Amino acid sequence: MSSSPIRLLAAGLSDRGKMRSVNEDSLLLDDSRRLYIVADGMGGRKAGDVASRLVVDTILDEKRRADERGEAPEKESDLSLNARVLQEGILSANEAIRKRGAENPDQRGMGSTVAAVLLDDFSVAAANVGDSAIFQIRGDAMRRLSETHTVHASQEARRRNKSVPVIIKSGDTI
């Protein structure tokens with residue numbers, strides 16, 4: 001059985017909604033790098049727009065560095081190169097948000113969700129944090145590819161004796 005390269009159609013649209021005066025969403029649709037990111041600043045927190053932009057910019061920077069090096073960061077891992085790029089980008093974005101919040105009192109407590117997809121010709125790496133989910137749409141069928149990280153999801157995971165990652169925001173320590 002031969003495989004065909006992955007074909008993709010990407011589009012993005014964001015709206016601030018009725019509750020906010022500022023759109024806290026940030027999008028990246030980079031067809032040349034095959035990198036697609038949606039980051040949603042955490043509503044009710046300060047500077048969600050800043051946090052979501054930091055997430056997108058930091059993950060994109062990690063992808064650029066990996067492209068220049070020709071590889072992902074060196075870590076012992078069973079993850080693919082693209083998955084390691086997303087992992088390192090998200091971890092770096094978390095640190096950037098934490099640091100920015102510590103340095104700027106007006107931004108302390110800011111945070112963002114993220115859903116990111118990075119493709120090569122034959123595989124997809126996907127990562128998310130928070131309630132931004134990732135779906136595959138093929139024909140008329142839609143399939144969820146990710147788990148959301150919400151209080152409800154955490155309670156359900158505990159009920160099933162399964163762990164769910166925690167969202168970190170600026171000011172939190174691990």
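Visitor: What makes Asp61 partly exposed?

Guide: Buried means under 20% relative accessible area, exposed means over 50%, and partly exposed lies in between (1.4 Å probe, protein chains only). Asp61 has a relative accessible area of 31%, so Asp61 is partly exposed. This is a predicted model, where local features need pLDDT of at least 70, side-chain atom pairs count only at pLDDT 80 or more, and totals for chains, interfaces and linings use all residues. Residues are numbered from 1 along each chain as its sequence is written, and side-chain values use heavy atoms, with hydrogens and water left out.

Visitor: Why is the pair Arg64 and Asp61 called a salt bridge?

Guide: The term asks for a side-chain nitrogen of Lys or Arg within 4 Å of a carboxyl oxygen of Asp or Glu. Here the N to O distance is 3.2 Å, so the pair qualifies. Both residues lie in helix H1, three residues apart, about one turn of the helix. Arg64, at 35% relative accessibility, is partly exposed.

Visitor: Is Glu62 buried or exposed, and why?

Guide: Glu62 has 3% relative accessibility, so Glu62 counts as buried. Its salt-bridge partner Arg65, at 2.9 Å N to O, is partly exposed at 35%. Elsewhere, salt bridges that share partners join Asp30, Arg33, Lys63 and Asp67 into one network.

Visitor: How many salt bridges does the structure hold?

Guide: The structure holds nine salt bridges.

Visitor: What is the predictor's confidence in the chain?

Guide: pLDDT is that confidence for each residue, from 0 to 100. The chain's mean is 82, and 78% of its residues reach 70 or more. Among the helices, H1 has the highest confidence, at a mean of 95, and H3 (residues 151–159) the lowest, at 65.

Visitor: Where does pLDDT stay under 50?

Guide: Over residues 164–174. Where pLDDT is low, the predicted coordinates should not be read in detail.

Methods. Helices (H or I, at least four residues) and strands (E, at least two) are DSSP runs, numbered from the N terminus. Contact means heavy atoms within 4.5 Å.
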